[in-house]
Structure formats: C-alpha cells, structure tokens
Amino acid sequence: MYKFVLALILTAMFGWLQSRAEEKTGPEQKNANTENFKMSYFTPSVSFNIMNFTDFATSPLSYLGGGFNGGVGWLWDRKKSEHVLDFDFIMSTALANVPQSNYFQTSASSNVMGLTVYDHFLVQVFKPSLPGFINLKVGGALMSTTYIRSNSVLSNSNTGVESILNLMAVAKGTFDISRKSPITLDLFLFKKTLKPVKRNISFQFNAGLLNMNYRPGYIYNPGMGLNGTKTNIMEFILNKHSWSVNGCRFVTKLEYARYKPSGNGHKWAYIWDTAVVPGKFEQFQIATHRLQYTFIINCN
C-alpha cells in the first residue's frame with residue numbers, strides 16, 4: 001500500500017512543480033533558429049515495472065513480479081547534441097516460480113530495491129542527408145544499476161546483491177510530428193479546431209560495449225565469521241563479492257513527447273532493459289519492462 005501512496009505523492013508534487021513553471025514564456029521559440037540554441041529541462045518521472053530474473057548463485061528459481069520506479073533527471077538539449085542525466089529508484093516484489101512440493105515453501109517471494117544511474121551524451125549525424133523532420137544522434141552512455149534482493153525462505157542466502165556497470169553505444173532517432181498550423185475538423189454538428197502543437201516520437205537503442213559486474217563467488221553464504229557488533233553488516237554480505245568483466249546488456253526506449261508553448265510538457269515511454277551477468281561462477285539474468293510517465297519542466 002505504501003508504494004501506491006508514494007506514487008500519488010510524487011505525482012502530485014511533480015504536477016505542482018510543472019504548474020509553477022508554466023508561468024514562464026517560451027524561450028525555446030525565441031532562440032529556436034539561433035546557433036546558440038540551448039534548452040535545459042528538469043524531468044521527474046514515475047513508472048510501473050514488470051520484472052523477471054533468475055539468480056543461479058542463490059537458487060535456479062525464476063522470479064516474476066512488478067512494482068514502481070521513481071526518478072529525477074535533467075536534459076540539456078542543443079541543436080547538434082543532447083546530454084541526459086537520470087537517477088531511477090526501483091521498488092518491486094516478485095514471486096518465485098517453484099514446483100509443487102510438500103517440503104518446499106511454494107509461496108516464496110523476493111523483495112527488490114535498486115538504483116540506476118544513467119548518463120549519456122549524443123551528437124547529431126547525417127543532418128544534411130536526412131529530411132528535416134528526422135533527427136539522428138549517436139554517442140555513448142554510462143549506466144550503473146545496483147540491486148538488493150531479499151528472500152527469507154533461502155536462509156543464509158536470503159540476501160542477493162549485485163552491481164552492473166556498462167559503457168554503452170547509443171543510437172537515437174527522433175521524428176518530428178508537430179502540428180505546424182491550425183486544423184479545423186467539420187464534424188457535421190460542430191466544428192473542432194486543433195491548435196498547433198510541438199510533439200515528437202523517438203526510438204533509442206543502447207548496447208553494452210564494456211560490461212562489468214560485482215557478483216559473489218561460488219556461493220552467497222559468507223565465509224567470514226559473525227562476531228556480534230564487531231562485524232560490519234555490509235562487509236559480511238559482500239564478503240565473497242568481486243568484479244568481473246563479462247556479460248551483455250541491451251536497452252531500448254520508445255518515447256512520445258508533447259510540449260506546450262511555455263516549453264513545459266510531458267512524455268510517455270516504454271523501456272525494455274535486459275542483462276546477462278555471468279560473474280565469476282553463477283549467472284544472473286534479468287529483464288524489465290517499464291511504462292514511464294515523465295514531466296518536462298522548462299528550466300530556462
């Protein structure tokens with residue numbers, strides 16, 4: 001229940017920030033045709049996620065569940081480049097797909113918390129050769145995700161921790177579908193005039209080039225002794241963890257954005273994120289699907 005309350009509070013807060021920012025005029029329209037064009041946006045977001053993962057270091061159980069994400073971000077947009085910085089907080093609950101048994105707890109579940117930090121920088125390419133409504137950018141991204149998972153049924157292996165760090169190649173295509181002039185629709189009984197509006201659709205693809213992960217050794221059970229208050233809990237949990245360079249990660253994002261004359265707006269996005277993380281011995285696999293709503297708040 002607390003997740004729903006948190007989502008409502010975040011939505012109300014972001015809506016208030018956006019309504020306050022709408023008092024500004026639209027500097028985007030003033031400098032849209034200048035060489036010094038630069039727009040800065042604050043982009044808080046909320047999203048619903050569906051998560052599927054398997055951790056062979058704790059057990060070969062496949063988990064499926066859902067939850068919520070809350071994020072904050074910034075976008076710096078120039079005519080020929082784009083810089084994005086995002087922080088995304090993850091809260092999910094997943095049920096284990098376990099066989100029916102008289103000796104095994106079939107209601108096993110895992111609570112998942114996590115944090116993703118994402119930063120990308122893209123530059124425009126092929127501009128003279130492309131139609132005016134198409135904007136193609138390529139560049140690189142640094143993406144880091146840390147998951148903390150808990151399943152009390154697994155006893156000494158009930159806590160799973162992993163960090164995934166990826167240096168990625170990025171390609172993004174944006175298609176301008178703005179309405180440039182008013183359109184009047186004759187609906188027989190009445191007429192409807194559609195005003196000009198700025199909007200676009202984009203598709204982005206990220207592929208990991210350098211894939212690193214922080215995973216446990218052969219088993220999750222720590223090898224160090226537990227000595228009351230003298231044992232640091234994080235050192236105990238991470239005792240057998242180490243960095244590896246292997247695996248793969250891919251991310252796709254399909255996005256629809258709509259802007260107001262003030263420069264404020266909103267966007268919807270579907271995000272698919274999948275990673276295969278071999279680690280040192282046992283593999284971790286995860287795929288998430290997210291439906292995200294983002295407020296676009298003009299900071300100029």
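Predicted model: local features only at pLDDT ≥ 70, side-chain atom pairs only at ≥ 80, totals over all residues.

With which side chain does the side chain of Lys-137 make a polar contact? I looked, and the partner is the side chain of Asn-135, at 3.4 Å.

Next I checked where Lys-137 sits, and found it in strand β6, which covers residues 134-150. Lys-137 is buried but has no salt bridge. Skipping neighbours within four places in sequence, I listed the contacts of Lys-137, including Ser-81, Glu-82, Leu-122 and Val-170.

Then I turned to the nonpolar cores. The largest one has 17 residues, and Met-51, Phe-53, Tyr-63, Tyr-147, Phe-284 and Ile-286 have the most contacts inside it. I asked which elements give two or more residues to this core, and got β2 (45-55), β4 (81-97), β13 (265-277) and β14 (284-298). The biggest giver is β4, with three residues. Another core lies apart from the largest one; it has 16 residues, among them Tyr-41, Met-168, Ile-271 and Ile-296.

Last stop was a hairpin, made by β8 and β9 with four residues between them. The two strands, 183-186 and 191-194, run antiparallel and are joined by four bridges. I found Ile-183 standing opposite Leu-194 in β9. In the turn, Phe-188 has a positive phi of about 70 degrees.

Conventions. Residues numbered from 1 in each chain as written. Heavy atoms only, no water. Core = buried A, V, L, I, M, F, W, Y, C linked by side-chain atoms within 4.5 Å. Buried < 20%, exposed > 50% of the residue type's maximum accessible area, 1.4 Å probe, protein only. Lys, Arg positive; Asp, Glu negative; His and termini not counted. Salt bridge = Lys/Arg side-chain N within 4 Å of Asp/Glu carboxyl O. Polar contact = N/O pair within 3.5 Å; in protein donor to acceptor, adjacent residues only side chain to side chain. Contact = heavy atoms within 4.5 Å. Pairing = 2+ DSSP bridges.
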